[in-house]
Amino acid sequence: MPSAMAACPRKRRHSMVVPYNSPWASSLHADLLLLVAWRLLDGDLMDYVRLRAVCKNWRYATICPRGRGITDSRFHPRRWMMLPEGHGLHPGHYKLGGFVRFLNLDTGTLVRVKLPLFKNHCILDSVNGLLLLQRDEDSAILLLNPFTSDITELPPLSTLLTQVVKQSEITVGLCYCYLLKHGMSTAVFCNNDGTTTVMIILHHLSQLAYATSQDKQWIMASWDLPLNMKALSCQGKLYLVQYPASHGSQVLQIDPPLQVGSPPPRPKLIATCPTNKLVYGYHLVECDSNILLVCHTDDSRSPILIYNLENITAGRFTPVRSIGKHALFLGERSLSVSSKALPTIMAETVVYKEPREHRFVQYHLGTGNWSEPVDECGIYGYSPGPHSLIQHIITCCIRRAWNKGLIYSEAEAYKPGWLTWKVKRKFRHWS
């Protein structure tokens with residue numbers, strides 16, 4: 001005969017389940033329900049999805065995200081990042097069963113999403129939780145919302161490559177390797193008519209390409225971008241900061257096109273940083289709704305300074321003394337992570353690859369001390385692992401660690417041919 005202690009927990013678990021047509025849920029006023037729903041959507045798409053799952057009435061009273069996951073920016077999965085698996089596994093690997101993991105950088109929530117597309121696609125970039133994918137067999141480009149399964153088709157990448165080859169006099173194969181090795185920075189802007197505009201910075205070529213979901217080809221902007229720059233995508237805009245220059249470094253902003261089909265406006269100067277304020281190691285990162293500029297104070301590359309971009313545009317170069325419960329991860333892409341949600345990550349720290357010794361280090365803002373981010377395996381970030389959560393987040397900052405065939409050890413990085421792999425007996429760069 002079961003004991004009372006054994007039966008009690010079972011009753012408590014049953015009482016926590018909300019009935020399909022709960023009386024209190026059904027009696028909630030529709031206007032109040034919508035207000036709560038939109039407030040949740042301001043924070044995280046998954047909270048909105050959970051609210052709709054409470055009961056049938058709530059689901060019918062709120063807007064379904066499916067079909068709007070790309071065209072309506074309210075349903076973009078903010079602060080979610082695809083988590084590379086490591087250990088030779090990549091999204092689409094048969095051992096993963098078609099599942100891809102995503103990590104919320106604020107709450108630490110980890111979810112698995114089944115995405116069959118990764119079986120014959122690779123990821124080129126991730127922006128606002130959306131994934132820019134390329135099909136293996138050809139150059140077809142897709143924009144995917146992994147949580148709603150909405151897809152927007154974009155022009156084939158081959159239409160861009162032909163323009164790049166004409167301008168730079170390099171082969172198509174080399175051009176593809178440059179795109180993959182040096183990466184892209186992508187901005188997505190949703191127009192009121194339901195079309196989606198995508199802008200891509202080609203870092204190695206210092207050029208910008210753009211297209212809409214209605215276009216047949218990518219178009220290269222008529223103007224060039226400055227050399228030696230770091231980029232950040234935020235709210236459909238692109239922000240650029242140059243590496244140090246003798247006349248001071250500039251911060252530029254690229255807005256989306258004013259009209260659908262028109263070219264983006266030229267980059268506009270929003271700030272000039274004197275050489276005595278910012279010296280080396282520029283990174284732009286979004287943290288707690290602010291854009292931060294991270295740099296070194298002098299050529300010794302020892303102390304790190306953080307500036308708020310809003311203050312810099314106003315001519316105020318007062319360093320940020322604290323980033324609260326956050327840690328910054330700097331790399332090809334830069335991320336802010338909440339240590340409150342992920343307690344294994346130390347707050348008030350900056351993790352990045354030290355420019356002289358070329359290994360990952362951790363800088364403590366409060367004390368000015370340096371340390372290893374984890375252990376000996378963390379020296380190279382993702383070799384031979386990753387083994388720990390902090391190393392997984394480091395791989396999120398390394399674009400080439402996302403793709404098929406490109407998760408490698410540090411020793412393998414220098415082997416010839418590591419940038420290419422075969423799909424149906426053809427190399428991916430279509431040579």
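Modeller: In this predicted model, the largest nonpolar core comprises 24 residues. Those with the most contacts inside this core are Met82, Phe102, Leu115, Phe118, Leu131, Leu133 and Phe147. Both helices and strands contribute: α3 (30-43) and α4 (45-52) each supply at least two residues, as do β1 (80-82), β2 (99-104), β3 (110-114), β5 (130-135) and β6 (141-144). The largest share, four residues, comes from α4. In soluble globular proteins, nonpolar side chains tend to be buried together.

Three cavities of 30 Å³ or more are found in a search of the whole structure. The second largest cavity holds about 40 Å³ of space, and its lining consists of Lys230, Ala231, His283, Leu284, Gly331, Glu332, Arg333 and Ser334. By class, this lining has three charged, three polar and two nonpolar residues. Strands β12 (229-234) and β16 (280-287) each provide at least two of the lining residues.

Confidence must also be taken into account. The protein chain has a mean pLDDT of 77, with 74% of its residues at 70 or more. Strand β19 (residues 326-329) has the highest confidence, at 94, whereas strand β25 (residues 426-427) has the lowest, at a mean of 38. The pLDDT is below 50 over residues 405-414, a stretch with 22 contacts in the model beyond near neighbours in sequence. Residues 417-431 are likewise below 50, and this stretch has 40 such contacts. Where pLDDT is low, the predicted coordinates should not be read in detail.

Technical notes. Residues numbered from 1 in each chain as written. Predicted model: local features only at pLDDT ≥ 70, side-chain atom pairs only at ≥ 80, totals over all residues. Heavy atoms only, no water. 1 Å grid on protein atoms, 1.4 Å probe; cavity = no way out; pocket = protein on both sides within 12 Å on 5 of 7 lines; lining within 4 Å. Points joined across faces, edges and corners; volume = space filled by probe spheres on them. Nonpolar A, V, L, I, M, F, W, Y, C, P; charged D, E, K, R; others polar. pLDDT = per-residue confidence, 0-100. Contact = heavy atoms within 4.5 Å. Core = buried A, V, L, I, M, F, W, Y, C linked by side-chain atoms within 4.5 Å. Buried < 20%, exposed > 50% of the residue type's maximum accessible area, 1.4 Å probe, protein only.
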